[in-house]
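Visitor: Could you walk me through this one, starting wherever you like?
Guide: Gladly; here it is.

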Amino acid sequence: MGVSEAIDYNAFDIGAYKGRFDVIFDTAGALSLRQCGAMLKKGGMSLHIVPTPAKMIGCLLSPRHHIVIANPTPESFAGISEAAEQGRLAPVIGRVVPLSEAIPAIIELEKTGNPKGKLVIAPME
């Protein structure tokens with residue numbers, strides 16, 4: 001996809017990224033429009049998938065910030081499915097647990113925060 005660096009929003013200094021990015025895609029909804037604006041290059045834009053009231057108003061007032069809303073359809077998922085089948089899309093699996101261990105695994109995940117990969121709950125007993 002052309003992404004050269006992914007940044008953990010919990011552990012970075014915005015000042016170190018001042019004016020560095022052409023595009024910021026805030027998938028967690030953790031960044032304010034002001035924070036994004038500080039990190040954008042001239043002419044850059046930020047995309048937000050968590051439309052808070054403040055972000056919606058800010059996006060209406062600024063051409064640099066945009067709310068992204070999708071309407072998933074079976075056709076839109078066909079490309080994702082094809083990429084996975086061809087091995088071009090490989091999710092990072094952090095842990096696989098049987099269904100009987102699902103609740104403790106989810107509780108642990110909630111306590112520890114961001115995982116090193118996806119938690120997969122498999123119906124294997």
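Predicted model: local features only at pLDDT ≥ 70, side-chain atom pairs only at ≥ 80, totals over all residues.

Visitor: OK, is Ala 70 buried or exposed?
Guide: Ala 70 is exposed, with a relative accessible area of 67%; buried means under 20% relative accessible area, exposed over 50%, and partly exposed in between (1.4 Å probe, protein chains only).

Visitor: And how far is Ala 70 from Ile 49?
Guide: Their C-alpha atoms are separated by 8.8 Å, with the two residues 21 apart along the chain.

Visitor: Switching to the whole chain, what is the secondary structure?
Guide: The protein chain has four helices and five strands, and read along the sequence these follow the pattern β-α-β-α-β-α-β-α-β. Its radius of gyration is 18 Å, well over the 14 Å that the globule rule gives for 125 residues, so the chain is more spread out than a compact globule. That radius is taken over C-alpha atoms, and the rule is 2.2 Å times the number of residues to the power 0.38.

Visitor: What does the C-alpha trace span, then?
Guide: Along its principal axes the trace spans about 55 × 35 × 30 Å. Buried residues make up 19% of the 125 residues.

Visitor: Now aromatics: how many pairs are there?
Guide: The count comes to one aromatic pair, where rings of Phe, Tyr and Trp (its six-membered ring) pair if their centres lie within 6.5 Å, and planes under 30 degrees apart count as stacked, over 60 as edge-to-face and the rest as tilted. The rings of Tyr 17 and Phe 21 have their centres 5.7 Å apart and their planes at 25°, so the pair is stacked.

Visitor: Are those two buried or exposed?
Guide: Tyr 17 is buried, with a relative accessible area of 13%, and Phe 21 is buried as well, at 16%.

Visitor: Where does Phe 21 lie, and what does it touch?
Guide: Phe 21 lies in strand S1 (residues 21-26). Not counting residues up to four places away in sequence, Phe 21 touches Ile 7, Met 39, Leu 40 and Lys 41, where contact means heavy atoms within 4.5 Å. Phe 21 and His 66, which are 45 residues apart in sequence, lie 15 Å apart in space, C-alpha to C-alpha.

Visitor: What about the helices, say Ala 105?
Guide: Ala 105 belongs to helix H4 (residues 102-112) and is buried, with a relative accessible area of 2%. Leaving aside neighbours within four places in sequence, Ala 105 is in contact with Arg 95, Val 97 and Leu 119. The C-alpha atoms of Ala 105 and Val 120, which are 15 residues apart along the chain, are separated by 9.7 Å.

Visitor: And where is Arg 34?
Guide: Arg 34 is in helix H1 (residues 33-39), and at 75% relative accessibility Arg 34 counts as exposed.

Notes: Residues numbered from 1 in each chain as written. Heavy atoms only, no water. Helix = DSSP H or I, 4+ residues; strand = E, 2+ residues; numbered from the N terminus.
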